[in-house]
Amino acid sequence: MNIPMEYGLLLAVILFCIGLAGLLIRRNIIFMLLCIEIMLNAAGVAFVVAGAAWGQAEGQVMFIFILAMAAAEVSVGLALIIQLFKQTGSLDVTNANKMKG
Amino acid sequence: MKELLWLIVTLPFAGALILAFGGRKFPHAVSAIIGVGSVSLSAILTLLVGFEFLGDTTPFLQVAWQWFDVYGLSPDIAFRLDTVSLIFIFIITFVGALIHLYSAEFMWKDEGFVRFFVFMNLFIGLMLILVLADNLLLLYLGWEGVGLCSYLLIGYWYKDPKNGYAARKAFIVTRIGDAALAVSFYILFMTFNTLNIQDILTAAPGTWSLGSGIAMATAFLLLGGAVGKSAQLPLQTWLPDAMAAPSPVSALLHAATMVTAGVYLIARTHVLFEIAPTAQHTVAIIGAATLIIAGMSALYQHDIKKVLAYSTISQIGYMFLALGLGAWSAALFHFMIHAFFKALLFLGAGAVISVMRDEHNMFKMGGLWKKLPIIFWTFLIASASLSALPLITAGYYSKDKIIWLAFASDKGSVGLWLAAIVGAFITALYTFRMVFLTFFGKPHAEPTHRPGWMITIPLMVLAFFSFAGGFIELPQNMGNLTLVSDFVEKTLPVATLSVLQPFTELIFQIISSIVAIGAVFLAYILFFNKPFPAAEPQRNAVQRFFFKGWDFDLLYDKVIVTPMIFLAMINKKDIIDQFYTGLACITRQLNALLSATQNGQLRWYAMVVAAGAIIILTIIFFP
Amino acid sequence: MILVWIIILLIGTGLLAWLASGWNTFLPRLISLVGTLIYFGITLWLWLEYDPGIGSQKWIISYTAEWIPAFGIQFKLVMDGLSLLMLLLTSFLSVICVLVSWKEINRRVGFFHFNLLLELAGITGIFLSLDLFLFYFSWELMLVPMYFLISIWGHEDRIYAGKKFFLFTQASGLLMLLSILGLYFIHGQNTGIYTFDYEQLLDATMAPQTAFLLMLGFVVAFTVKLSTVPLHSWLPDAHTQAPTAGSVILAGLLLKTGAYGLIRFALPLFPEASHQLAPLAVLLGVVSILYGAKLAFAQTDFKRLVAYISVSHMGFILLGVYSFNEMAMHGVVMQMIVHAVSTGALFIIAGAVYDRIHTRDLHQMGGLWRQVPRMGTMGLVFVMASMGLPGLGNFIAEILILIGSFQGNFKVLTVIATVILITATAYALRIMQKVFYGKEHKVWEIPDFGIREMIVMLSLTSVIIWLGWNPSSVFRLSKVPVQKVIQKINIPEYSQGEEMERIDRDNIYNVANFLDIKYVAINKGNQAQKIIKEVNNTYGRRTEFETINYLPNSPDIEQAEEFKKRSSKTE
Amino acid sequence: MEILFYIAGVLAILSTVMVIAVRNAVHALLYLIVSLLSISVIFFILGAPFIAALEVIVYAGAIMVLFVFVIMMLYVDSSNSNEKNIFIKPKTWIGPSIIALILMAEMLYMLLGEGYHPMPHQIISPAAVGKLMFTKYALVVDLAGFLLTAGIVGAYHLGQKERKILHRYLTDKNENL
């Protein structure tokens, strides 16, 4: 097998940027949360690739932590979404602008 | 007996305290007994102490406790009795007791009867502290304290804002003098490391050379204090307004005792003035100028109490003149006699005013001599004394001594003598103008009642003293009785004379006698039984100028008061605070600017984060 | 240990009062009253216990415990005469405050008393702590409850006033923190001992410019609290908007922490730099005196007027502190106490008037005397006190400050400050005229002071009269601390080459201060005469000194030995 | 094996693009699962079988199920949002896309500038990962535990019934605190 490490990282970068683009484009908050998941996952890919490149287990350990974080984030994020939906009656983030300075 | 000195001071305070706490629960009679009784007891004690003191006139010091002791300044609460303070406490308690008795009837129907006696008793106590104090700080305590009482009593009928303002004016104007006095304490302490009066007087001649700048400054500052309290030029304007007080107050504070505190102060610190001849000369000049200016104003008043007020200013001017001449005993003698007859005049005037339904205008009185005989005769005796009618009145002996010394003293001059003699002429003129307008002529109104015994007895007692008080000190060519001067000169130095011929003195006595009698005669021609309109007379510009007390009020108002109030008012909002408010405003603007980026749009924030990441990466890769 | 118990008592009472508010609103009041009375009792007991034997004792009570040893932070509470005076004042006013709020505060009573007592605990901490970190801790501790007191229970503009108060004091407090840290590190670098201990930092040496900058941090914090003129603008708002008890604490105690800080910290820690600052400080003091009076005269809001009176009175403190004169310093201590009493009483009266007629506008008052003669009498007493009428405590304070500072270097400024005697009369009488005298605008139907209020007012009155006639009771306590500060600050200046050994100089001062005996001045060359003169001038003593000439390396060993013997004996 | 990597990579990219492009949330979710599965394949190829399994179980399994629940609960369809025609108007998507592209370009520039480093094919066993986690990174594991607990508590708290939460000083409800 002869896959350069850069290709793996390239994949991570592309996934990350797609996630970012989605985050910026979409106004539905569920989609935004999905895009965040994509980005987190992309970061995880980068860790695993790097870990594989140097033959270290650290990359995988980090991925597990990211996974834990993503799980926590999703649980809170989804609760927030439910709350937002109850308060505003929609999932459009442009309606949730009460925190303007 | 001397050991009871503290009791003389404490009794009035005790009276005030009892009245203040229990006053409204007592019936009027009890309050009156407490108020009058405490002061009368003081007066009796004073007589007892005084008789013992006459036997042995060495000064007597009674220390109550040490006030404080800081860095060398260790004043005591201590009373020092010597001949000068004895004269003063005698006048204060004795005249004070009489006036209290008078007030008991005069104020009977007033709703603040108790309050009145509280303030009056407080005043007596503080005035006693003033004259008995053995150090300047305690003297200052009494000095300010009597100022407070003066304020409270002038504003006694507080519902009329005019009275309140008169009271305020009196306090503020005298405080100007007090500030000067305070500054003199700084210098005295700096130099002598003490504020004990006797220590300073002993040390001063050895420390300061004659006429040195620092001595001069100190003397002038002391003079400033005296001028304020004694209503002399240029701080005399408060006294005529102070007539808003009830008449007994005018008699006690603004004629007999408090206003003479300045005289006491200068007499007490005489050594400092002797070291500073210019200052002492200024005292004489101020006295001379004041006596003429105030006399001229008195001539044009229609309010009987205002006449007496200006007359008081003028008579204290005589005392200042005497002080300036170094004639200490003459000044104190005139103070004593003046206390009797001026208190009497005010009390008489007060009685007249009260029976005439609070009418102050002399032109609306007239013909009262038959209806109020006791008041008339006592008032006449006092007026004669004030006019210094020769030989028979006490005022003659006291004033003539000053007029004579204005020429004969080594510090005297023709100018001062002229001023004094002109003043004497004016005094007699306005006094008898007042007598003729009030008691003679066509009656304009009927008195409502005759005053009772509590008013008439003090009048008669004081009349006796205004008449007989002069015979204890006679000029050398008329018996040469020198009881007062002997007594005073145990404490204060003797006046030095430049010319010493009895013959010259006789000439001057004749001149002043003629002047007084001539002035009475002139008043008789001008004012006796003349029909005057009852209304306030029309005045031309000159008359108004004199009527308004030479427009000093206007001057001060324009030059000092108005600019001060203007200054205070333009910056009411405090410009410094505005500065901070401005700072806060700018901050808030900046805040608005930055918080515009906080628009609450999640996508906008994400965009900014991404843009930030791009910028940072760009900076890293393409430095 | 008793000092720790005091603070625990205050905080504990506060918590208890807060908890008790769950049952009813009476309980918290009672609990705080009992707590403050115990506090007052303790300080009175301390006073009676230690008053006679103060003498030259260094500290009356001290308590030290490790707090954060790694940074050299101690829990060090120490009491000397000055602290004892301040504690007496604090405990006295705390009882007054609880009594004053008895009827006034009806919302969140428990939380109010909690804040009140926490505030008092902070202030007590300031007056006791001798570790700079602990001092700063207390300094901040007193800030927050006061902010709540103003912005929850205040008048109409309370939020604004509270914020302003917080910003001013917090910003200046941070400057002080910087200075404390600067001092800590400089001292640490010089000696290798990193400590916040006041007594060790007293000996810190540093470059003059550094010292000046560090001192400025302290001085700014203290002058903001003192409300010296360019930094005073928080005070009128805070005083006006605070509830009565808040105003009393602000005027009575919070302002005093600034004065106390100046005396305890700013001067002894930076003697030379203080001398540099003195002309400016005295000038600002005099400006405050007159400017405060002028603004007081112009106000139409009763409480605001009294607030500006405070500005004016605090000017005296700055004037007195920076004239470096023992008499003026005693006056300052006195002023701290009497201003607390007199201005506090005026605020109580203003609060009582507001309670009854629901306005603070002077134009809407007038002629109240007939309805409320007792209130009028009390008003009269404290108006007169605030204009410095003799016989009341304020007079002693003002005259001592003025006479004292005239002995110093600022004679002209002192004379200018004397003008306050006139302007004070103007503003003080304005209160009487507008509130109690004059025509009645309407027929007031208002109750006079009741028993509770009369107890408060009469106790304040008796204190102010007592201090006016017998101020020695204060000076007896303040004597040693004040002399120590003066001794530290008044180091004579010498030109180069004539420097004295520090130990010798200190010895002379000690002698001049405490022993009052003949003494030997030891010195290089012929400077002895000069020092003796200075010592005598500084202390107003006529102590006689013997002189011997002693050069450090002179052959006259016997004389040197003799000197050492005698100096060790006297110590 | 290599070809598998490229196929899986392209599949991942394509399905991810579809995630952000489709309108229906359930579709998007399904695309995301496809993407995650293909990434799982890549992990397997890279010698991380344990992670590949986790990716499938936790990500594609647990987390996505959460999403499904929420979407079902809220009846999410396009009517719940104003973004019906979001991709018709270029104004809405061109700006963000440019930003994303720039970022990607920069990262690629950094990535590809220095040549290739081939990866050794070496399987890292779950045992090694576990050993490392519970020795060197034990503290971080604890922290992750805390984080998850906090997440649970937070989710529980937020998911409660609708309630206006105001600061207590802004309301007078709580008299006599």
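Guide: Two strands pair if DSSP finds at least two bridges between them. Helices (H or I, at least four residues) and strands (E, at least two) are DSSP runs, numbered from the N terminus. This is a predicted model, in which local features need pLDDT of at least 70, side-chain atom pairs count only at pLDDT 80 or more, and totals for chains, interfaces and linings use all residues. Residues are numbered from 1 along each chain as its sequence is written, while chains are lettered from A and ligands numbered from 1 in the order in which they are written.

Visitor: How many bridges join strand β1 of chain C to β2(C)?

Guide: Seven bridges join β1(C) (residues 61-68) to β2(C), and the strands run antiparallel. Ser62(C), for instance, is opposite Val78(C) of β2(C).

Visitor: What do β1(C) and β2(C) form?

Guide: The two strands make a hairpin, with four residues between them. In its turn, Gly72(C) has a positive phi of about 70°.

Visitor: Why is β2(C) largely enclosed by the rest of the structure?

Guide: A residue is buried if 20 or more other C-beta atoms lie within 10 Å of its own, exposed if 12 or fewer, and partly exposed in between, with C-beta atoms placed from the backbone. In β2(C) (residues 73-79), five of the seven residues are buried, so the strand is largely enclosed.

Visitor: Is helix α3(C) mostly covered or mostly exposed?

Guide: Mostly covered: 20 of the 24 residues of α3(C) are buried. In chain C, 58% of the 571 residues are buried.

Visitor: How many helices and strands are there in chain C?

Guide: Chain C has 23 helices and four strands.
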